[in-house]
Amino acid sequence: MTRDAIRLHRVVRRFGSGDAAVTALHDLSLSFTEGTFTAVMGPSGSGKSTLLQCAAGLDRPTSGAVLLGDTDLTALDETRLTLLRRDRIGFVFQSFNLLPTLTAEQNVALPLRLSGRRPRRGEVRAALARVGLADRVRHRPPEMSGGQQQRVAIARALITRPEVLFGDEPTGALDSATGRDVLRMLRALVDDGGQTIVMVTHDPVAAAYADRVVFLADGRLHGTLDAPSAETVAARMTRMEAPAC
Ligand SMILES: Nc1ncnc2c1ncn2[C@@H]1O[C@H](COP(=O)(O)OP(=O)(O)OP(=O)(O)O)[C@@H](O)[C@H]1O
Ligand SMILES: [Mg+2]
(Lines give C-alpha, C1' and ligand atoms only; values in the text may rest on other atoms or scores of the structure.)
(Ligands and ions follow the chains in the order given, each with its own letter.)
Protein backbone atom coordinates (compact mmCIF):
# COMPACT_ATOMS: atom_id res chain seq x y z
CA MET A 1 0.00 0.00 0.00
CA THR A 2 1.31 3.45 -0.79
CA ARG A 3 0.65 6.51 1.32
CA ASP A 4 1.14 10.14 0.51
CA ALA A 5 3.78 11.76 2.69
CA ILE A 6 2.66 15.18 1.55
CA ARG A 7 -0.21 16.51 -0.49
CA LEU A 8 -0.93 19.93 -1.96
CA HIS A 9 -4.57 20.63 -2.65
CA ARG A 10 -5.51 23.55 -4.90
CA VAL A 11 -2.59 25.66 -3.72
CA VAL A 12 -2.48 29.27 -4.88
CA ARG A 13 0.41 31.57 -3.93
CA ARG A 14 0.12 35.19 -4.93
CA PHE A 15 2.73 37.82 -4.12
CA GLY A 16 2.01 41.56 -3.95
CA SER A 17 -1.24 43.20 -4.93
CA GLY A 18 -2.82 45.32 -7.65
CA ASP A 19 -0.74 45.88 -10.78
CA ALA A 20 2.34 44.42 -9.10
CA ALA A 21 0.64 41.12 -8.18
CA VAL A 22 2.39 37.93 -9.26
CA THR A 23 0.71 34.54 -9.08
CA ALA A 24 3.57 32.10 -8.50
CA LEU A 25 1.34 29.04 -8.07
CA HIS A 26 -2.05 28.66 -9.77
CA ASP A 27 -4.41 26.15 -8.18
CA LEU A 28 -1.75 23.45 -7.91
CA SER A 29 -2.70 19.96 -6.72
CA LEU A 30 0.05 17.40 -6.31
CA SER A 31 1.04 14.57 -4.02
CA PHE A 32 4.30 12.89 -3.07
CA THR A 33 4.23 9.20 -2.17
CA GLU A 34 5.99 8.06 0.98
CA GLY A 35 9.41 6.54 0.37
CA THR A 36 9.85 8.04 -3.10
CA PHE A 37 12.27 10.55 -4.62
CA THR A 38 10.71 13.32 -6.73
CA ALA A 39 12.52 15.98 -8.76
CA VAL A 40 10.78 19.28 -9.50
CA MET A 41 11.83 21.00 -12.72
CA GLY A 42 10.76 23.93 -14.83
CA PRO A 43 12.04 27.18 -16.29
CA SER A 44 13.35 29.95 -14.03
CA GLY A 45 10.42 31.70 -12.36
CA SER A 46 8.03 28.77 -12.88
CA GLY A 47 7.34 28.49 -9.14
CA LYS A 48 9.62 25.61 -8.07
CA SER A 49 11.03 27.29 -4.96
CA THR A 50 7.61 28.68 -4.05
CA LEU A 51 6.14 25.17 -4.31
CA LEU A 52 8.88 23.76 -2.07
CA GLN A 53 8.57 26.55 0.50
CA CYS A 54 4.78 26.13 0.69
CA ALA A 55 5.10 22.33 0.95
CA ALA A 56 7.71 22.64 3.71
CA GLY A 57 5.78 25.18 5.77
CA LEU A 58 8.38 27.89 5.17
CA ASP A 59 5.80 29.96 3.29
CA ARG A 60 2.02 30.09 3.44
CA PRO A 61 -0.21 29.61 0.40
CA THR A 62 -2.71 32.37 -0.36
CA SER A 63 -5.35 29.62 -0.54
CA GLY A 64 -5.51 25.84 -0.67
CA ALA A 65 -4.24 23.17 1.71
CA VAL A 66 -0.92 21.44 2.37
CA LEU A 67 -1.26 18.10 4.14
CA LEU A 68 1.71 16.47 5.84
CA GLY A 69 0.28 13.10 6.75
CA ASP A 70 -3.01 14.14 8.33
CA THR A 71 -1.88 17.61 9.39
CA ASP A 72 -3.01 20.63 7.37
CA LEU A 73 -0.10 23.07 7.59
CA THR A 74 -2.25 25.98 6.47
CA ALA A 75 -4.44 25.58 9.56
CA LEU A 76 -1.55 25.89 12.03
CA ASP A 77 -0.58 29.07 13.85
CA GLU A 78 3.04 30.28 13.63
CA THR A 79 4.16 28.49 16.80
CA ARG A 80 2.78 25.13 15.75
CA LEU A 81 4.11 25.54 12.24
CA THR A 82 7.59 26.26 13.63
CA LEU A 83 7.42 23.13 15.78
CA LEU A 84 6.19 21.05 12.86
CA ARG A 85 9.04 22.31 10.65
CA ARG A 86 11.54 21.51 13.36
CA ASP A 87 10.26 18.01 14.10
CA ARG A 88 8.76 16.67 10.88
CA ILE A 89 10.46 18.43 7.94
CA GLY A 90 14.05 18.56 6.69
CA PHE A 91 15.32 21.21 4.29
CA VAL A 92 18.62 21.67 2.47
CA PHE A 93 19.55 24.61 0.28
CA GLN A 94 22.07 25.30 -2.45
CA SER A 95 24.19 27.15 0.12
CA PHE A 96 24.93 24.81 2.97
CA ASN A 97 24.10 27.26 5.81
CA LEU A 98 26.38 25.56 8.33
CA LEU A 99 27.81 27.42 11.32
CA PRO A 100 31.52 27.79 10.48
CA THR A 101 32.79 27.77 14.06
CA LEU A 102 31.03 24.52 15.01
CA THR A 103 32.35 21.06 14.17
CA ALA A 104 30.38 18.76 11.85
CA GLU A 105 29.11 16.91 14.90
CA GLN A 106 27.98 20.13 16.62
CA ASN A 107 26.26 21.38 13.45
CA VAL A 108 24.32 18.12 13.11
CA ALA A 109 23.34 18.12 16.80
CA LEU A 110 22.00 21.68 16.59
CA PRO A 111 18.35 20.91 15.65
CA LEU A 112 18.12 18.50 18.59
CA ARG A 113 19.62 21.03 20.98
CA LEU A 114 17.27 23.73 19.70
CA SER A 115 14.35 21.48 20.53
CA GLY A 116 15.74 20.97 24.02
CA ARG A 117 16.87 17.39 23.43
CA ARG A 118 20.26 16.09 24.38
CA PRO A 119 21.45 13.92 21.47
CA ARG A 120 21.50 10.21 22.33
CA ARG A 121 24.90 8.59 22.50
CA GLY A 122 26.08 7.77 19.00
CA GLU A 123 23.03 9.35 17.33
CA VAL A 124 24.91 12.22 15.71
CA ARG A 125 27.84 10.04 14.68
CA ALA A 126 25.45 7.54 13.13
CA ALA A 127 23.85 10.35 11.09
CA LEU A 128 27.27 11.46 9.88
CA ALA A 129 28.21 7.86 9.08
CA ARG A 130 25.03 7.55 6.99
CA VAL A 131 26.23 10.39 4.78
CA GLY A 132 29.74 8.91 4.57
CA LEU A 133 31.43 11.30 6.98
CA ALA A 134 32.29 9.05 9.93
CA ASP A 135 35.88 10.27 9.75
CA ARG A 136 35.06 13.99 9.67
CA VAL A 137 33.04 14.51 12.84
CA ARG A 138 35.48 16.97 14.38
CA HIS A 139 36.14 19.00 11.25
CA ARG A 140 34.69 22.48 10.87
CA PRO A 141 33.00 23.59 7.63
CA PRO A 142 35.95 25.71 6.39
CA GLU A 143 38.11 22.55 6.59
CA MET A 144 35.72 20.56 4.37
CA SER A 145 34.98 20.39 0.64
CA GLY A 146 31.67 21.66 -0.73
CA GLY A 147 30.38 18.11 -1.12
CA GLN A 148 31.33 17.25 2.45
CA GLN A 149 29.65 20.41 3.74
CA GLN A 150 26.44 19.54 1.88
CA ARG A 151 26.57 16.05 3.42
CA VAL A 152 26.81 17.62 6.87
CA ALA A 153 23.80 19.82 5.99
CA ILE A 154 21.89 16.69 4.90
CA ALA A 155 22.82 14.85 8.11
CA ARG A 156 21.63 17.89 10.07
CA ALA A 157 18.34 17.92 8.13
CA LEU A 158 17.85 14.19 8.83
CA ILE A 159 18.76 14.13 12.53
CA THR A 160 15.13 14.66 13.60
CA ARG A 161 14.03 11.83 11.25
CA PRO A 162 11.76 14.10 9.20
CA GLU A 163 8.89 12.67 7.19
CA VAL A 164 10.04 14.58 4.11
CA LEU A 165 13.45 15.92 3.11
CA PHE A 166 13.22 18.90 0.77
CA GLY A 167 16.15 20.21 -1.26
CA ASP A 168 16.17 23.41 -3.32
CA GLU A 169 18.97 22.80 -5.84
CA PRO A 170 21.07 20.95 -3.23
CA THR A 171 23.74 20.13 -5.80
CA GLY A 172 23.59 23.52 -7.55
CA ALA A 173 26.81 24.79 -5.95
CA LEU A 174 28.78 21.56 -6.44
CA ASP A 175 30.91 20.40 -9.37
CA SER A 176 29.34 17.56 -11.30
CA ALA A 177 31.37 14.69 -9.78
CA THR A 178 30.75 15.90 -6.21
CA GLY A 179 27.11 16.58 -7.03
CA ARG A 180 26.76 13.01 -8.26
CA ASP A 181 28.13 11.64 -4.97
CA VAL A 182 25.50 13.63 -3.07
CA LEU A 183 22.76 12.43 -5.45
CA ARG A 184 23.81 8.80 -5.04
CA MET A 185 23.61 9.32 -1.31
CA LEU A 186 20.11 10.83 -1.55
CA ARG A 187 19.07 7.87 -3.70
CA ALA A 188 20.40 5.47 -1.04
CA LEU A 189 18.45 7.28 1.70
CA VAL A 190 15.28 6.49 -0.27
CA ASP A 191 16.21 2.93 -1.26
CA ASP A 192 17.69 1.80 2.05
CA GLY A 193 15.90 4.03 4.55
CA GLY A 194 12.51 4.69 2.93
CA GLN A 195 13.09 8.46 3.13
CA THR A 196 10.72 10.67 1.13
CA ILE A 197 12.66 13.30 -0.85
CA VAL A 198 11.48 16.23 -2.97
CA MET A 199 14.26 18.08 -4.78
CA VAL A 200 14.24 21.09 -7.10
CA THR A 201 16.90 20.92 -9.79
CA HIS A 202 17.78 22.46 -13.15
CA ASP A 203 19.96 19.51 -14.10
CA PRO A 204 18.48 16.58 -16.10
CA VAL A 205 21.29 14.32 -14.83
CA ALA A 206 20.32 15.11 -11.24
CA ALA A 207 16.62 14.61 -12.01
CA ALA A 208 17.40 11.14 -13.38
CA TYR A 209 18.25 10.00 -9.83
CA ALA A 210 14.58 10.51 -8.90
CA ASP A 211 11.66 8.11 -9.30
CA ARG A 212 9.53 10.80 -10.86
CA VAL A 213 9.92 14.29 -12.28
CA VAL A 214 7.22 16.92 -11.83
CA PHE A 215 7.37 19.73 -14.40
CA LEU A 216 6.13 23.23 -13.64
CA ALA A 217 5.54 26.04 -16.10
CA ASP A 218 4.12 29.43 -15.08
CA GLY A 219 3.07 28.08 -11.70
CA ARG A 220 1.07 25.24 -13.18
CA LEU A 221 1.68 21.53 -13.34
CA HIS A 222 3.02 20.69 -16.78
CA GLY A 223 3.07 16.91 -16.60
CA THR A 224 5.13 14.29 -14.82
CA LEU A 225 7.64 11.69 -15.94
CA ASP A 226 8.16 8.35 -14.20
CA ALA A 227 11.50 6.51 -14.24
CA PRO A 228 13.24 9.50 -15.85
CA SER A 229 16.53 9.35 -17.72
CA ALA A 230 18.72 12.40 -18.33
CA GLU A 231 17.81 12.21 -22.03
CA THR A 232 14.03 12.04 -21.59
CA VAL A 233 14.13 14.87 -19.02
CA ALA A 234 16.34 17.06 -21.24
CA ALA A 235 14.04 16.48 -24.22
CA ARG A 236 11.00 17.49 -22.15
CA MET A 237 12.73 20.63 -20.84
CA THR A 238 13.77 21.66 -24.34
CA ARG A 239 10.16 21.33 -25.51
CA MET A 240 8.91 23.35 -22.52
CA GLU A 241 11.43 26.14 -23.00
CA ALA A 242 10.87 26.42 -26.75
CA PRO A 243 8.90 29.58 -27.58
CA ALA A 244 5.31 28.81 -28.57
CA CYS A 245 4.70 29.54 -32.24
N1 LIG B 1 8.76 37.07 -2.20
C2 LIG B 1 8.33 37.29 -3.44
N3 LIG B 1 7.77 38.44 -3.78
C4 LIG B 1 7.31 38.67 -5.03
N5 LIG B 1 7.38 37.77 -6.03
C6 LIG B 1 7.96 36.59 -5.75
C7 LIG B 1 8.48 36.29 -4.46
N8 LIG B 1 8.98 35.03 -4.49
C9 LIG B 1 8.81 34.57 -5.75
N10 LIG B 1 8.19 35.51 -6.50
C11 LIG B 1 7.81 35.38 -7.92
O12 LIG B 1 7.13 34.15 -8.08
C13 LIG B 1 7.53 33.51 -9.30
C14 LIG B 1 8.07 32.14 -8.98
O15 LIG B 1 9.30 32.26 -8.28
P16 LIG B 1 10.16 31.02 -7.78
O17 LIG B 1 11.28 31.56 -6.98
O18 LIG B 1 9.25 30.05 -7.13
O19 LIG B 1 10.68 30.44 -9.16
P20 LIG B 1 11.70 29.23 -9.44
O21 LIG B 1 11.02 28.30 -10.36
O22 LIG B 1 12.23 28.70 -8.17
O23 LIG B 1 12.86 29.98 -10.25
P24 LIG B 1 14.46 29.71 -10.29
O25 LIG B 1 14.65 28.51 -11.17
O26 LIG B 1 15.00 30.95 -10.93
O27 LIG B 1 14.94 29.52 -8.89
C28 LIG B 1 8.51 34.45 -9.97
O29 LIG B 1 7.81 35.23 -10.90
C30 LIG B 1 9.01 35.28 -8.82
O31 LIG B 1 9.42 36.55 -9.27
MG1 LIG C 1 14.14 28.67 -7.27
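Buried means under 20% relative accessible area, exposed means over 50%, and partly exposed lies in between (1.4 Å probe, protein chains only). The buried residues of α5 are Gly147, Gln148, Gln149, Gln150, Arg151, Val152, Ala153, Ile154, Ala155, Arg156, Ala157 and Leu158. They pack against β6 (89-92), α3 (104-114), α4 (123-130), β7 (164-168) and α6. Helices (H or I, at least four residues) and strands (E, at least two) are DSSP runs, numbered from the N terminus.

How far apart are the end C-alpha atoms of α5? They are 18 Å apart, which agrees with the 18 Å that its 13 residues should span at 1.5 Å a residue. The expected span of a helix is 1.5 Å times one less than its number of residues.

## Basis of the model

This is a predicted model, in which local features need pLDDT of at least 70 and side-chain atom pairs count only at pLDDT 80 or more, while totals for chains, interfaces and linings use all residues. Residues are numbered from 1 along each chain as its sequence is written, chains are lettered from A and ligands numbered from 1 in the order in which they are written, and side-chain values use heavy atoms, with hydrogens and water left out.

## α5 against α6

Two packed helices are described by the angle between their axes and the distance between the axes. The axes of α5 (residues 146-158) and α6 (residues 176-193) cross at roughly 20° and come within 9 Å. That makes α5 roughly parallel to α6. Axes are lines fitted to C-alpha atoms, for helices over the stretch in contact, and angles run from 0 to 180 degrees between N-to-C directions. Angles under 35 degrees count as roughly parallel, over 145 as roughly antiparallel, 65 to 115 as roughly perpendicular and the rest as oblique.

α5 passes α6 in a right-handed crossing. On the α5 side, the contact is made by Gly147, Gln150, Arg151, Ile154 and Leu158; on the α6 side, by Thr178, Asp181, Val182, Met185, Leu186 and Leu189. Contact means heavy atoms within 4.5 Å. By class, this contact of α5 with α6 has six nonpolar, three polar and two charged residues. Ala, Val, Leu, Ile, Met, Phe, Trp, Tyr, Cys and Pro count as nonpolar, Asp, Glu, Lys and Arg as charged, and the others, Gly among them, as polar.

## α3 against α5

The axes of α3 and α5 come within 7 Å and cross at roughly 30°. The two helices are therefore roughly parallel to each other. α3 contributes Ala104, Asn107, Val108 and Pro111 to the contact, and α5 contributes Val152, Ala155 and Arg156. The residues of this contact of α3 with α5 divide into five nonpolar, one polar and one charged.

## Two positive phi angles

Most residues other than glycine have a negative phi. Asp27, in strand β2 (residues 22-33), has a positive phi near 50°. Asp27 is partly exposed, with a relative accessible area of 38%. Phi of Asn97 is also positive, near 55°. Asn97 lies in the loop between β6 and α3 and is partly exposed at 44% relative accessibility.

## Gly57

Is Gly57 buried or exposed? At 3% relative accessibility, Gly57 counts as buried. Gly57 lies in the loop between α1 (48-55) and β4 (63-68). Leaving aside neighbours within four places in sequence, Gly57 is in contact with Leu73, Leu81 and Arg85. Gly57 and Leu84 are 27 residues apart in sequence and 8.2 Å apart in space, C-alpha to C-alpha.

Technical notes
A crossing is left-handed if the near helix is turned anticlockwise from the far one by less than a right angle, and right-handed if clockwise.
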